[in-house]
Amino acid sequence: VSQSRYGRLVGGVGRILPGVDHPAKYYNYFGFESSHCLGGANYLKSSFKRTIVVEGYMCLLKGFDWCQELETNICCTFHAETSVVQAEDLVSLDIPIWFWYDNDKAGNAGWVKAERLLRGKVPGLKRAKLPISVDVGKMSKEEFLKYFEDCRKEF
C-alpha cells in the first residue's frame with residue numbers, strides 16, 4: 001500500500017508468483033482480480049484534462065504527484081493489458097486518454113487490445129509511444145514533464 005506526498009492512498013497490489021502448475025496472478029489490496037480495477041481509480045476526476053494509463057503499479061506511483069500538478073489523471077492496468085471492465089471505467093470519464101505503455105512486446109500488444117476496446121468510445125484516444133527501454137517508473141520528474149509536453153504538442 002502506498003501514499004502520495006499529500007498523504008492520500010494511491011493503492012496497493014499483491015502478486016502470487018508463478019509456480020510449476022499455475023501462472024502469476026495479480027490482486028489489488030482488497031483481493032479483487034486486478035483485471036477488474038484500475039490502479040488509482042479512486043482519484044480519477046472527469047474535471048481533469050486527460051488520463052494517462054500506464055502498465056504498472058510502480059509507474060503509477062512514480063507519476064501520481066506529477067500528474068496531480070498537471071491536472072491529469074494517471075492510472076494503471078497492473079500489466080500491459082486492458083480488460084473490458086477497465087475500459088468501461090475509462091469510457092465513463094469522457095476525457096482524452098493517453099496510453100503510456102512500454103514500447104516492448106507486451107506494451108505494444110497491450111495497446112492493440114486497448115485500442116480495440118476504446119476506439120470511438122473516448123475522445124482523444126492516443127498511444128504515446130515511449131522510446132524503447134524508457135519506463136515511466138524510472139523517469140525523473142524533468143524527464144516526465146518533458147515527455148508530457150512533447151506528447152501534449154503532438155496530440
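User: Let's start with the open sheet. What is the strand order, and is the pairing parallel or antiparallel?

Analyst: The model is predicted. Its open sheet contains four strands in the order β6-β5-β7-β8, and their pairing is parallel. The edges are formed by β6 (72-76) and β8 (126-127), each of which pairs on one side only.

User: How many bridges join β5 and β6?

Analyst: Strand β5, residues 50-54, pairs with β6 in the parallel sense over five bridges. Among the residue partners, Ile52 is bridged to Ile74 of β6, and Arg50 has Thr72 of β6 as its bridge partner.

User: Which helix touches β5 and β6, and what angle does its direction make with that of β6?

Analyst: Helix α1 (residues 57-69) packs on the sheet in contact with β5 and β6, and its direction makes about 170° with that of β6. Helix α4 (residues 141-154) also packs on the sheet, where it touches β5, β6 and β7 (97-99). The direction of α4 makes about 120° with that of β5.

User: Back to β6. How many of its residues are buried?

Analyst: Strand β6 is mostly covered, with five of its five residues buried. Thr72, Ile74 and Cys76 point one way from the strand, while Asn73 and Cys75 point the other way; all are buried.

User: Now α4. Which of its residues are buried?

Analyst: Phe144, Tyr147, Phe148 and Cys151 are buried in α4. They cover an arc of only 105° around the axis, which puts them on the same side of α4. On the other side of the helix, Glu142, Lys146 and Lys153 are exposed.

User: What covers the buried residues there?

Analyst: The cover over the buried residues of α4 includes β5, α1, β6 and β7.

User: And the length of α4: how far does it reach from its first C-alpha to its last?

Analyst: The 14 residues of α4 reach 20 Å from the first C-alpha to the last, close to the 20 Å expected at 1.5 Å a residue.

User: New topic: aromatics. How many pairs does a search of the whole structure find?

Analyst: The search finds seven aromatic pairs. One of them is formed by Trp66 and Phe144, which are tilted, at 5.2 Å centre to centre and 50° between the planes. Trp66 lies in helix α1 and Phe144 in helix α4, so this pair ties together parts that are 78 residues apart in sequence. Trp66 and Phe144 are both buried.

User: What geometry does the pair of Trp100 and Tyr147 have?

Analyst: Trp100 and Tyr147 form an edge-to-face pair, with 5.0 Å centre to centre and 80° between the planes. Trp100 lies in the loop between β7 and α3 (105-118), and Tyr147 lies in helix α4, so the pair ties together parts 47 residues apart in sequence.

User: Why do those two count as buried?

Analyst: The cut-off for buried is under 20% relative accessible area. Trp100 has 1% relative accessibility, so it counts as buried. Tyr147 is at 16%, so it also counts as buried.

User: Which residues do ring pairs link into a cluster?

Analyst: The cluster linked by ring pairs consists of Trp66, Trp100, Phe144 and Tyr147.

User: What about α2: which residues are buried?

Analyst: In helix α2 (residues 84-93), the residues Gln86, Ala87, Leu90 and Leu93 are buried. Seen down the axis, the buried residues of α2 fall within an arc of 110°, so they line one face of the helix. They pack against β5, β6, β7 and α3. The face turned away from the buried side carries the exposed residues Val84, Glu88 and Ser92.

User: Last topic, backbone angles. Where is Phe78 found, and what is its phi?

Analyst: Phe78 is found in the loop between β6 and α2. Its phi is positive, about 70°, although Phe78 is not a glycine. Phe78 is buried, with a relative accessible area of 8%.

User: And Ser133: buried or exposed?

Analyst: Ser133 counts as exposed, at 73% relative accessibility. This residue is found in the loop between β8 and α4, and its phi is near 75°, a positive value in a residue other than glycine.

Notes:
Residues are numbered from 1 along each chain as its sequence is written. This is a predicted model: local features need pLDDT of at least 70, side-chain atom pairs count only at pLDDT 80 or more; totals for chains, interfaces and linings use all residues. Side-chain values use heavy atoms; hydrogens and water are left out. Two strands pair if DSSP finds at least two bridges between them. Helices (H or I, at least four residues) and strands (E, at least two) are DSSP runs, numbered from the N terminus. Contact means heavy atoms within 4.5 Å. Axes are lines fitted to C-alpha atoms, for helices over the stretch in contact, and angles run from 0 to 180 degrees between N-to-C directions. Rings of Phe, Tyr and Trp (its six-membered ring) pair if their centres lie within 6.5 Å; planes under 30 degrees apart count as stacked, over 60 as edge-to-face and the rest as tilted. Buried means under 20% relative accessible area, exposed over 50%, partly exposed in between (1.4 Å probe, protein chains only). The arc is that of the directions from the helix axis to the C-beta atoms. The expected span of a helix is 1.5 Å times one less than its number of residues.
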